[in-house]
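The points are grouped by topic.

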Amino acid sequence: MEKTTRTLHIGCHLSSAGGFLAMGKEATRLNADVFAFFTRNPRGGRAKPLDLEDIRSFVSYKETHGIGLLVAHAPYTMNACAAKENLRTFARDAMIDDLARLEHIPGNFYNFHPGSHVQQGSETGIALIAELLNDVLRPEQKTTVLLETMAGKGTEVGRSFQELRSIIDKVKLNEHIGICLDTCHIWDAGYDIRNHLDDVLAEFDNIIGFDRLRAVHLNDSQNTCASHKDRHARIGEGEIGLEALVRIINHPRLCHLPFILETPNDAAGYAEEIALLRQKAVSRSGKSSA
């Protein structure tokens, strides 16, 4: 029987409460080889002190257990284009602190929601986001900052590829900027990845460029295309559907990326989705990777 090589890099959000080594072990238990975590409480607040011994143990575990790139996630309360200056200051300070911490495990990703312009207008929002990034990015950093594609709920910035491109163009050190594509978000924003995946990807490549695409949040959606509501669903239980999501993980322009599940699940549910998607993934030899 021909031996196949698994190509799908998939995982989910894990709790950082027990530290990095605990997250690594939990990822292994779930049959994940990548994972995401919040750098601090997702609703805001201070990050807990770094445990450098835990980080050293995790780096060793990561290497021996085949864990790939980490996709750290900024807190939801971090609004880089808030109308209030104190909120923008919090966003800047939190990002500076988070990026300094991530340099202890260099070469990974820091993903954040661009923010909501709060009736200031998208052009002002884009300018403020770029201004913050110009304040915090450093030439020597090893972490790539990812702008996440958004559903366009309320006054969210990042609802279109054009808006994300506009942010990138205003960032001086934009070699440190990439994109995290959220399947639920772009579907809710109006990009029909169920019926026209290749067209959507061609538009992404034309406007932003595939070299910027570094990670995928793999989620189904509770809503119809262009709903602008941002309600995630479990894999195969939403409007995008299992068939379309399987096409995404197997697409030749996407299959090498880290896929992060953000579906409404507990650990057992994530393990089931990871197993399902690994079974549906295509190996390099063209056969199932299960």
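N219 is placed in the loop that runs between β7 (213–218) and β8 (220–221). The model is a predicted one, and in it N219 has 0% relative accessibility and therefore counts as buried.

**N219 and its surroundings**

- A polar atom of the N219 side chain lies 2.8 Å from the backbone nitrogen of E262.
- Beyond the neighbours within four places in sequence, N219 is in contact with D182, T183, C184, H232, A233, I235, I240, L245, L261, E262 and T263.

- H73 belongs to strand β3, which spans residues 70–73.
- The relative accessibility of H73 is 1%, so this residue counts as buried, the cut-off being under 20%.
- The side chain of H73 makes a polar contact of 3.3 Å with the side chain of N111.
- A polar contact of 3.4 Å links the side chain of H73 to that of E148.
- With neighbours within four places in sequence set aside, the residues in contact with H73 are H13, F37, F38, T39, N111, H113, E148, H217 and E262.

- G19 sits in the loop between β1 (9–12) and α1.
- At 11% relative accessibility, G19 is counted as buried.
- The C-alpha atoms of G19 and I55 are 8.0 Å apart, although 36 residues separate the two in sequence.
- Leaving out neighbours within four places in sequence, G19 is in contact with K48 and D54.

**Packing of α1 and α2**

- The axes of helix α1 (residues 20–29) and helix α2 (residues 52–64) come within 7 Å and cross at roughly 25 degrees.
- Angles under 35 degrees count as roughly parallel, and α1 and α2 are therefore roughly parallel to each other.
- From α1, the contact is made by F20, L21, G24, K25 and T28, and from α2 by D54, I55, S57, F58 and Y61.
- By class, the residues of this contact between α1 and α2 comprise 5 nonpolar, 3 polar and 2 charged.
- D54 contributes to the contact with α1 and is in contact with G19 as well.

**Packing of α3 and α4**

- Helix α3 (residues 85–102) and helix α4 (residues 122–136) have axes that come within 10 Å and cross at roughly 40 degrees.
- This angle makes α3 oblique to α4.
- The crossing of α3 and α4 is right-handed.
- On the α3 side the contact is made by R88, A91, R92, M95, I96 and L99, and on the α4 side by L128, L132, L133, D135 and V136.
- The residues in this contact of α3 with α4 divide into 8 nonpolar and 3 charged, with no polar residue.

How values were computed. Residues are numbered from 1 along each chain as its sequence is written. This is a predicted model: local features need pLDDT of at least 70, side-chain atom pairs count only at pLDDT 80 or more; totals for chains, interfaces and linings use all residues. Side-chain values use heavy atoms; hydrogens and water are left out. Axes are lines fitted to C-alpha atoms, for helices over the stretch in contact, and angles run from 0 to 180 degrees between N-to-C directions. Helices (H or I, at least four residues) and strands (E, at least two) are DSSP runs, numbered from the N terminus. Angles under 35 degrees count as roughly parallel, over 145 as roughly antiparallel, 65 to 115 as roughly perpendicular and the rest as oblique. A crossing is left-handed if the near helix is turned anticlockwise from the far one by less than a right angle, and right-handed if clockwise. Contact means heavy atoms within 4.5 Å. Ala, Val, Leu, Ile, Met, Phe, Trp, Tyr, Cys and Pro count as nonpolar, Asp, Glu, Lys and Arg as charged, and the others, Gly among them, as polar. Buried means under 20% relative accessible area, exposed over 50%, partly exposed in between (1.4 Å probe, protein chains only). A polar contact is a pair of N or O atoms within 3.5 Å; within protein, one must be able to donate a hydrogen and the other to accept it, and residues adjacent in sequence count only if both atoms are side-chain atoms.
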